[in-house]
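I opened my notebook to look up a few things in this structure.

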Amino acid sequence: MDAFSDVITLLRPHAVFSKPITGKGEWGVRYPAYGAPGFAIVLTGQCWLAVEKDDPVQLSRSDFVLLPSSPAFEMLSRLGARCIAGQPTATDLRHGDPEGEPDFRMLGGSFRLNPVNAPLLVSLLPKMIHVRAADGNTGRLAGIVDLVMEECAAERPGRDMILERLLEVLLMECLRWPGVGTAPLPAGLLSGMQDAALARVLSALHADIRAGWTVADLAKLAGMSRSAFAARFNGVIGCAPMEYLARWRMTLAKDTLSRGGKSLDRLAEEIGYESASAFSTAFRRRVGCAPGAFARSRIDAPQV
C-alpha cells in the first residue's frame with residue numbers, strides 16, 4: 001500500500017453519528033473542545049463558524065468543513081449574535097426560533113478513530129479544513145457531498161448505513177484533497193506526500209518497511225544529494241529520515257500489539273528488526289514500557 005493508505009488503515013475511521021442541525025432567525029451556540037474529528041455539511045442556508053481564536057468563516061450551501069480535533073468553536077446565524085453554551089450530542093438540534101420551517105439546515109457529526117493512532121490525524125492536518133462549494137475546484141469532494149445531500153433528502157431503505165459509508169469516504173477524500181495544501185500544513189506525512197521527491201521516498205519506505213534503508217538509498221530515490229535530501233526531509237516531515245522510519249515502525253508495532261495474536265519474533269521480523277530482543281529494547285526506549293506491558297494495557301481500552 002501507499003503511505004496514505006497505510007495511515008487510513010491504521011486510523012480505521014468510521015462515522016460515530018450524523019445528525020440534522022437546523023435553525024431559524026437569529027441564533028448562536030458555543031461548544032467546548034471535543035477532541036474527536038467533527039464534520040459538517042451545509043444543506044440549506046448559511047452560517048458563520050469561528051474556531052477558537054481564528055477569524056470566523058462563512059459556511060454556505062454544499063460547503064464541507066472538517067475539524068480534525070474539534071477545538072472549541074462558535075457557530076452563529078450572523079456575526080455578533082449572542083451565543084449560548086452547547087454540548088456535543090448525537091441527537092437532532094434546533095437553534096433559534098423553535099417554530100416554523102427552518103431557514104438553515106446542516107448535517108453534522110463525528111468520526112471515531114483507532115485510539116492508539118488517533119494523534120496521527122491531528123499531526124497531519126491544519127486546525128480546520130473548509131471545502132467551499134463556490135470555489136468550483138472541489139472535484140470528487142463536491143460529488144460526494146452531493147451524494148450525501150441527496151441521501152439526506154430521501155427516505156430510502158438503508159439510508160443510515162449508506163450515509164455512514166459516504167461520510168467515511170468523504171473523510172478519506174478530504175485528507176487527500178489537493179486543496180488541503182492551500183492552508184498552512186504542519187510538518188508531517190501529509191506535507192511530505194505533497195512534495196514529489198519526498199512522496200517517492202515515503203512510498204518506498206511504506207512499501208518495504210523491513211528493508212535496511214540508509215540515507216544514501218533514500219537520497220538516491222529523491223534524486224538529491226545526501227545533505228540536501230536530509231535537510232529537505234527534516235524541514236517538510238519534521239524529523240530526520242531514519243527517525244521517521246523508526247517512528248513508523250513503532251506506530252505499526254503499537255497497532256499490532258493493541259490487537260494481539262502475533263508473537264514478538266514475528267512482529268520484529270515484519271517491521272525490520274533483527275530479533276525480538278532488539279525490537280523490545282527499541283520499543284521500551286521509545287514508548288516507555290515493554291511490548292508485553294503495552295499489549296496488556298490495551299485489553300481494557302475502548303474498542304473501535
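**Entry 1: the sheet**

I began with R30, whose bridge partner in β7 is E74. The model I am reading is predicted.

I found β8, which pairs with β2 in the parallel sense over 2 bridges. Here V29 stands opposite I84 of β8.

Then I turned to β4, residues 47–51. I counted 4 bridges from β4 to β7, and these strands run antiparallel. W48 has L76 as its bridge partner in β7.

In what order do the strands of the open sheet lie? I wrote down β5-β4-β7-β2-β8, which makes 5 strands with mixed pairing. I marked β5 (57–59) and β8 as the edge strands, since each pairs on one side only.

**Entry 2: S77**

I followed β7 (73–76) to its end and reached S77, in the loop between β7 and β8 (84–85). Which residues does S77 touch, beyond those up to four places away in sequence? I listed G25, E26, W27 and W48. I then checked W27 at the atom level. Its backbone nitrogen lies 2.9 Å from a polar atom of the S77 side chain.

**Entry 3: S62**

I moved to another serine, S62, and placed it in the loop between β5 and β6 (64–67). Is S62 buried or exposed? I noted a relative accessible area of 14% for S62. The cut-off for buried is under 20%, so S62 counts as buried. I set aside its neighbours within four places in sequence and found S62 in contact with V42, A133, V145, D146 and M149.

**Entry 4: the cores**

I looked at the largest nonpolar core next. It holds 56 residues, and I41, F64, L66, L167, F229 and Y244 touch the most other members. Helix α4 (residues 159–175) gives the largest share of this core, with 7 residues. I also noted a second, separate core of 18 residues, with V51, L59, L67 and M106 among them.

Not counting residues up to four places away in sequence, I41 touches D63, F64, R105, M106, L107, V145, V148, M149, L167 and L170.

**Entry 5: the largest pocket**

How much space lies in the largest pocket? I wrote about 480 Å³. I found 19 residues lining this pocket, and the closest to its centre are L120, S123, R247, W248 and T251. The elements that give two or more residues to the lining are α2 (119–124), α9 (241–259) and α11 (276–287). Of these, α9 gives the most, with 6 residues.

**Entry 6: F294**

My last stop was F294, in helix α12 (residues 291–297). I read a relative accessible area of 11% for F294. That is under the 20% cut-off, so F294 is buried. What is F294 in contact with, leaving aside its neighbours within four places in sequence? I listed V116, K254, L257, S258, F283, V287 and C289. I also checked F294 against G261. They are 33 residues apart in sequence and 14 Å apart in space, C-alpha to C-alpha.

Notes: Residues are numbered from 1 along each chain as its sequence is written. This is a predicted model: local features need pLDDT of at least 70, side-chain atom pairs count only at pLDDT 80 or more; totals for chains, interfaces and linings use all residues. Side-chain values use heavy atoms; hydrogens and water are left out. A polar contact is a pair of N or O atoms within 3.5 Å; within protein, one must be able to donate a hydrogen and the other to accept it, and residues adjacent in sequence count only if both atoms are side-chain atoms. Contact means heavy atoms within 4.5 Å. Two strands pair if DSSP finds at least two bridges between them. A nonpolar core is a set of buried Ala, Val, Leu, Ile, Met, Phe, Trp, Tyr and Cys residues joined through side-chain atoms within 4.5 Å. Buried means under 20% relative accessible area, exposed over 50%, partly exposed in between (1.4 Å probe, protein chains only). On a 1 Å grid over the protein atoms alone, a cavity is a set of points where a 1.4 Å probe fits but cannot get out, and a pocket is an open set with protein on both sides within 12 Å along at least five of seven lines; lining residues have an atom within 4 Å of a point. Grid points are joined across faces, edges and corners, and a volume is the space filled by probe spheres set on the points.
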